[in-house]
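Take a look at the model below. The walk-through starts with charged pairs, then turns to helix packing and the surface.

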Amino acid sequence: MRPAPFPHGIETARRPTGPILGIVVVVACVLLGQLLGAVVLLPLFGLEPIALFAGPLGPVEQLVLLLSSGGPVVLLALWIGLKERRRFGSVGFVPASRVGPRLGLGVGVAVLLLSLPVALNLLTGQYEVRAVQLAQLGAALLALLGFAVQASSEEVLIRGYLLQVVRRGWGLPVAMGVQAVVFTALHGANAGVSAVGLVNILLVAALLGFWALAEGGLWGVCAFHVVWNWLQGNGYGIEVSGMDIGAAVLDVAASQGAAPLLTGGDFGVEGSLITTAVLLAATALAARAHHRRTPSTRSGDE
């Protein structure tokens with residue numbers, strides 16, 4: 001049987017998972033999968049675990065940390081195939097029509113939404129460009145591969161899987177809330193996290209949830225999430241949810257005396273009130289696109 005379009009792929013499962021167990025599965029996959037990924041990759045790259053937590057991440061350390069995020073998806077794929085008896089693509093990658101435009105839209109929107117708060121902070125003197133490091137371009141492009149794994153993994157787990165299993169049991173409004181709360185909680189222990197930062201992570205979850213529903217899949221949100229993270233860290237040299245990255249093309253940092261509420265402080269631009277305004281506007285547009293696409297009479301989806 002061909003998987004149904006997102007978010008109804010769970011309906012193709014022979015033994016679907018309930019919402020409470022689904023939440024447990026996601027958390028377990030994240031915790032165990034990340035650990036297993038690190039255990040496998042650290043020896044291959046000749047690194048000690050402390051290297052992932054000691055100061056700015058070099059190119060190799062960053063790549064190992066990001067690639068280890070593929071571990072949770074491996075565990076989830078096993079659960080989907082062995083327990084639920086459905087195809088992995090049903091999380092949001094089937095049907096695969098017009099993939100190119102959807103990926104392009106994700107890239108373009110990510111560049112726009114992230115560059116707006118960075119540009120405004122630069123224009124108002126809150127940020128300054130301390131260096132242009134073209135020699136880091138190769139390492140930065142390599143990191144794009146790592147972010148493709150890390151960000152796409154989060155989309156598969158949270159928007160692709162969790163949203164679907166909770167929607168099936170408790171309805172779409174609850175599912176949207178649960179996926180946003182879980183996504184925010186997974187970032188809640190990051191370095192430099194602030195109240196504004198948590199609000200913005202919650203808004204990102206809402207934006208990507210509505211976007212996935214409007215698209216009927218995960219292609220666009222995966223592309224957005226990859227570029228959103230990569231451009232912050234390896235493009236602009238700004239902390240990514242508190243993660244300090246060394247290999248960046250630009251070194252953009254807060255000016256002396258800058259306001260943390262505008263720059264985001266140690267959490268990076270994701271902790272900025274300017275980013276809050278940008279995300280609010282984008283989320284409203286995504287919600288509108290979803291409601292225009294979804295008939296109001298569809299049970300459980302309103």
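**Charged pairs, packing and a patch**

Glu11 and Arg167 form a salt bridge, with 2.9 Å between the closest N and O atoms. Glu11 sits in the segment before α1 and Arg167 in helix α5, so this pair ties together parts 156 residues apart in sequence. The model is a predicted one. Arg167 is buried, at 9% relative accessible area. Glu11 counts as partly exposed, at 43% relative accessibility.

Glu11 has a salt bridge with Arg168 too, where the closest N and O atoms are 3.9 Å apart. Arg168 lies in helix α5, so this pair links parts that are 157 residues apart in sequence. Arg168 is partly exposed, with 40% relative accessibility.

Shared partners join Glu11, Arg167 and Arg168 into one salt-bridge network. The whole structure holds six salt bridges.

Now follow α5 to its neighbour. The axes of α5 (residues 137–170) and α6 (residues 172–187) come within 8 Å and cross at roughly 145°. The crossing is right-handed. Residues of α5 in this contact include Arg159, Arg167 and Trp170. On the α6 side, Val174 and Phe183 are among them.

Trp170 and Val174 also belong to a nonpolar surface patch of about 450 Å², along with Ile20, Leu21 and Val24. Helix α1 (residues 19–44) gives the largest share, three residues. Val24 is in α1. Its relative accessibility is 48%, so Val24 counts as partly exposed.

Key
Residues numbered from 1 in each chain as written. Predicted model: local features only at pLDDT ≥ 70, side-chain atom pairs only at ≥ 80, totals over all residues. Heavy atoms only, no water. Patch = residues over 30% accessible without salt bridge, like charges linked within 9 Å, V, L, I, M, F, W, Y side chains within 5 Å. Areas by Shrake-Rupley, 256 points an atom, 1.4 Å probe, with all protein chains shown as cover. Salt bridge = Lys/Arg side-chain N within 4 Å of Asp/Glu carboxyl O. Helix = DSSP H or I, 4+ residues; strand = E, 2+ residues; numbered from the N terminus. Buried < 20%, exposed > 50% of the residue type's maximum accessible area, 1.4 Å probe, protein only. Axes fitted to C-alpha atoms, helices over the stretch in contact; angles between N-to-C directions. Left-handed = near helix turned anticlockwise from the far one by under 90°. Contact = heavy atoms within 4.5 Å.
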